[in-house]
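Please read these points with the model open beside you.

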Amino acid sequence: MSADPSIQAASGVHTLWTHAAEAPSIEFLQLSPALIVLGAAVVAVLVEAFAPRSARYHLQVGLSALALAGGLTAVVGLAAGGWATEKAAVIGIGALALDGPALFLQGVILAVGLVSVGTFAERRLEPVAHGARVDSFAAQPAAVPGGPGEREAIKAGWTTTEIFPLLLFAVGGMLLFPAANDLLTLFIALEVFSLPLYLLCALSRRRRLLSQEAAVKYFLLGAFSSAFLIFGIALLYGYAGTVSYAGIAAVVDGSVENPSPALAAAMGNDALLLVGTALVLMGLLFKVGAVPFHMWTPDVYQGAPTPVTGFMAAATKVAAFGALLRLLYVVLPGLSWDWRPVLWGVAILSMVVGAIVAITQTDVKRLLAYSSIAHAGFILAGVVAVNPQGISSVLFYLLAYSFVTLGAFAVVTLVRDAGGEATHLSKWAGLGRRSPLVAAVFAIFLLAFAGIPLTSGFVGKFAVFKAAAEGGAGVLVVVGVLSSAVAAFFYLRVIVLMFFSEPAAEGPTVAIPSVLTKAAIGIAVAATLLLGVLPQYFLDLATQAGVFVR
């Protein structure tokens with residue numbers, strides 16, 4: 001005798017509610033790096049709300065440095081505990097992966113954030129305003145540039161301490177981005193770190209209108225890229241019936257056992273898979289600044305406050321390339337015959353366009369922006385290798401590139417004239433005679449960008465080109481070497497300009513920074529030389545960390 005349908009329905013509902021009521025298992029220890037940073041960001045917001053204005057600066061700097069150092073310590077502890085190797089696992093109800101690449105990239109992001117706190121907190125470069133030291137950020141961001149509200153804020157000696165919680169939220173999102181193990185977590189992490197960056201780009205004390213223009217461009221183009229990404233996620237969900245990386249990979253590989261009729265029908269529709277993959281890749285390639293999704297990069301790098309530019313140029317690339325690696329190597333390895341040719345073209349365009357257009361630039365920040373586009377192409381050469389060496393070489397390159405970039409932009413903040421930072425190349429003529437130490441430090445970073453031996457840039461390029469050649473991308477290596485030769489021209493041109501040109505009579509001066517910026521530049525120089533002279537330990541570390549959990 002069959003049961004009453006109403007009883008069956010009630011029983012089914014009861015089962016669903018019972019399942020939903022089960023408390024999920026959250027691995028708080030394994031999630032501690034992101035929890036520490038995001039928790040500190042929330043506390044920093046409360047500091048902004050309740051602490052007296054005179055105490056906020058010191059509280060925010062101390063809290064930010066402590067949180068980022070704590071997160072970095074947690075990452076090192078997890079790696080030492082074996083979570084980068086034999087204990088690698090999927091955590092957070094399947095939303096995040098804890099493995100070698102995730103911990104390696106999280107460590108780099110936290111180190112970049114910790115060094116960036118020093119450049120954000122610098123208050124000795126700008127002239128004293130009404131008896132108060134000021135930083136690189138607008139005194140009253142909500143005021144009209146040059147209006148009475150801004151003048152009153154400057155006169156009162158206000159500083160924009162909101163930059164520190166924004167920095168922490170951006171770092172928190174970046175920590176989750178390369179560790180995301182499903183597409184929704186990927187999208188949420190993208191928005192968590194993108195929105196603070198849009199705001200930070202608009203907060204420059206000098207050239208406020210240029211800064212706000214950069215922020216609007218970044219926001220609008222970022223919104224388009226986010227729309228492409230979420231549309232791609234929807235199509236991939238329609239194809240696989242899940243947003244989980246493992247679930248999508250199983251459907252792509254055809255290893256799903258006893259698929260439902262609806263899923264079987266969707267699996268036969270390759271258009272959903274190919275178009276969805278293309279749209280998700282577009283969203284990620286926008287974040288790394290690869291051609292043809294690079295148009296925001298020069299304007300945003302030039303208009304944003306230089307400390308923000310340095311942080312964004314270094315940390316965003318690390319997070320975005322980490323997410324791109326996980327997507328391609330974990331979710332879509334079975335589709336490599338389709339995405340490899342596309343990334344070949346993107347890599348070649350990025351290397352060639354970045355190197356050639358940089359030659360025509362007359363602004364230091366725009367030159368470094370096009371340099372970052374070329375470096376995105378070099379890193380993509382390691383991505384398309386599709387072998388373990390490709391993963392480890394990309395990890396090492398991101399570590400090397402992040403510190404060189406931070407250091408270069410930190411030096412840019414020091415060269416100043418009456419209008420603020422002197423970023424026009426003509427004003428850097430003879431800098432080696434005015435300030436030999438600063439010019440020498442900047443030359444080290446330029447040589448690293450060019451890939452000259454005994455710098456981290458050389459080892460990084462050698463590693464990605466070697467991996468690409470072993471992966472059958474020899475043509476890509478040839479294009480990369482030729483692009484590097486072209487790029488070396490404009491790097492060396494700046495060095496020649498600094499050391500072999502006569503300084504202008506009313507040229508810029510080099511500001512004497514506080515210990516914060518000195519420490520940031522010193523760490524960047526040390527990392528650049530250490531990774532170039534003694535790279536083996538870090539190469540081995542990247543190799544050990546280069547295995548994704550599946």
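1. By class, the residues lining the largest pocket are 19 nonpolar, four polar and none charged. Here Ala, Val, Leu, Ile, Met, Phe, Trp, Tyr, Cys and Pro are nonpolar, Asp, Glu, Lys and Arg are charged, and the others, Gly among them, are polar. The model is predicted, with local features needing pLDDT of at least 70 and side-chain atom pairs pLDDT 80 or more, while totals for chains, interfaces and linings use all residues. Residues are numbered from 1 along each chain as its sequence is written, and side-chain values use heavy atoms, without hydrogens and water.

2. The largest pocket holds about 570 Å³ of space. Val76, Phe104, Gly107, Phe538 and Leu541 are the closest to its centre, out of 23 lining residues. On a 1 Å grid over the protein atoms alone, a pocket is an open set of points where a 1.4 Å probe fits, with protein on both sides within 12 Å along at least five of seven lines; lining residues have an atom within 4 Å of a point. Points are joined across faces, edges and corners, and the volume is the space filled by probe spheres set on them.

3. Which helix gives the most to the lining of the largest pocket? It is α4, with six residues. Helices are DSSP runs (H or I, at least four residues), numbered from the N terminus.

4. The second largest pocket has a volume of about 260 Å³. Among its 13 lining residues, Leu414, Leu437, Val438, Pro513 and Lys518 are the closest to the centre. α18 (436–450) and α21 each supply at least two lining residues. By class, this lining has ten nonpolar, two polar and one charged residues.

5. α16 has 25 residues and reaches 37 Å from its first C-alpha to its last, close to the expected 36 Å (1.5 Å times one less than the number of residues). Because 23 of its 25 residues are buried, α16 is largely enclosed by the rest of the structure. Buried means under 20% relative accessible area, exposed over 50%, and partly exposed in between (1.4 Å probe, protein chains only).

6. Valine 386, in the loop between α15 (364–383) and α16, has a positive phi near 55° without being a glycine. Valine 386 is partly exposed, at 33% relative accessibility.

7. Leucine 454, in the loop between α18 and α19 (456–470), also is not a glycine and has a positive phi, about 75°. Leucine 454 is exposed, with a relative accessible area of 57%.
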